[in-house]
Amino acid sequence: MGKDAKYSELGRFLRARRADLTPADAGLPADGGHRRVPGLRREEVAQLASISVQYYTRVEQGRLHASVPVLVTLAEVLHLDDDQRTYLLELAGREAPRRRRPKAQEVRPQTRRLLDALDAPAIILGRRMDILAWNPLAAALLTDFSQLTDKQRNYARLVFSDSELRQRYMNWETAAPDCVAFLRMEAARHPDDPQLSELVGELSNKDPHFRQWWAAHNVAAQTTGVKNIRHPLVGELTLDWETLACATDPYQQVVVWTAAPHSTSHEGLAFLASWVHASAGPEASAHGPTTDVTTPTRSAHRAKPPS
């Protein structure tokens, strides 16, 4: 996405955000009449930001590069959260342009050993939500990543394209929009990443939900949440997930799923872990595309655990 495209995207983002706000949300009196546009008018945003209507109109049309103070004020007027404000500034070009194709990410052996040591499902996500590494329990919980191609091994692609994984998420309608919002942040950070553009185009063509949520221009960089999973072997699980940043690569994150102690979900995870250990043997370890380690296959997920 070049400079002109980013300014156009900035304008679309501003229009989407002001459409989300009512006069009451912004502290304005209701006019009592029929409004031709949803949300706030341009005139109202300009008034609240103490700028001229012409100035704001040119920003929203992608014809003017607004200053940082104006952008910060607009973020306050439109009630943007921290992630949305970061996205707005990045679209405005307030970071050094990234014109080179991002280098392929590699997971450090030390980080792989961290996955080995965890008694919880864990994966390492890279740019574009690529799945760079995982441990056997994560494969048993979600899908056998080792059986996927490099291109398929992307969390957002799996959430929208893998029918089995989609069925496992009991709260898919919540988990899937989060993926889209995260990819929106990625698009601002890496505007010239051809693989990200290809991913967004592919999912937009294949899934109407993705198209709808991408057009909403929501952004997020969530670091914690809850996933409800219906697993064919251990039943329903309510799992908390956390993301841990890798100190050596800010665009790698360790995602870990855990369950509350003494809960049914905790017992289910423990049962799944015992089944994985018995099935995979002592050689099982955290791995990625280059490691030849056998993890339970999808058909094995439905098999009875060893006695």
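Okay, let's start with R12, which is partly exposed, with a relative accessible area of 37%. Quick reminder before I go on: this is a predicted model.

So who does R12 pair with? Its side chain meets that of E9 in a salt bridge, 3.4 Å from N to O. E9, on the other hand, counts as buried, at 3% relative accessibility. Both residues lie in helix α1, residues 3–20, and they're 3 residues apart, about one turn of the helix.

The charged end of R184 sits over the ring of W214, 3.9 Å from the ring centre. W214 counts as buried, at 16% relative accessibility, and F210 is buried as well, at 0%. How are the rings of F210 and W214 arranged? Their centres are 5.8 Å apart and their planes sit at 10°; under 30 degrees counts as stacked, so this pair is stacked. Both lie in helix α12, residues 208–215, 4 residues apart, again about one turn of the helix.

Zooming out a bit, F210 and W214 belong to one aromatic cluster with F160, W172 and W213. W172 has a charge over its ring as well: the charged end of R166 sits 3.8 Å from the ring centre.

D207 lies in the loop between α11 and α12 while R166 is in helix α9, residues 163–168, so the pair ties together parts 41 residues apart in sequence. D207 is buried at 6%, and R166 is partly exposed at 25%.

Another one to look at is R128 with D193, where the closest N and O atoms are 2.5 Å apart. R128 is in the loop between β1 and β2, and D193 is in the loop between α10 and α11, so this bridge ties together parts 65 residues apart in sequence. R128 is buried at 8%, and D193 is buried at 1%. In total, the structure holds 15 salt bridges.

Notes:
Residues numbered from 1 in each chain as written. Predicted model: local features only at pLDDT ≥ 70, side-chain atom pairs only at ≥ 80, totals over all residues. Heavy atoms only, no water. Phe/Tyr/Trp six-rings, centres within 6.5 Å; stacked < 30°, edge-to-face > 60°. Helix = DSSP H or I, 4+ residues; strand = E, 2+ residues; numbered from the N terminus. Buried < 20%, exposed > 50% of the residue type's maximum accessible area, 1.4 Å probe, protein only. Lys NZ or Arg CZ within 6 Å of the ring centre and 35° of its normal. Salt bridge = Lys/Arg side-chain N within 4 Å of Asp/Glu carboxyl O.
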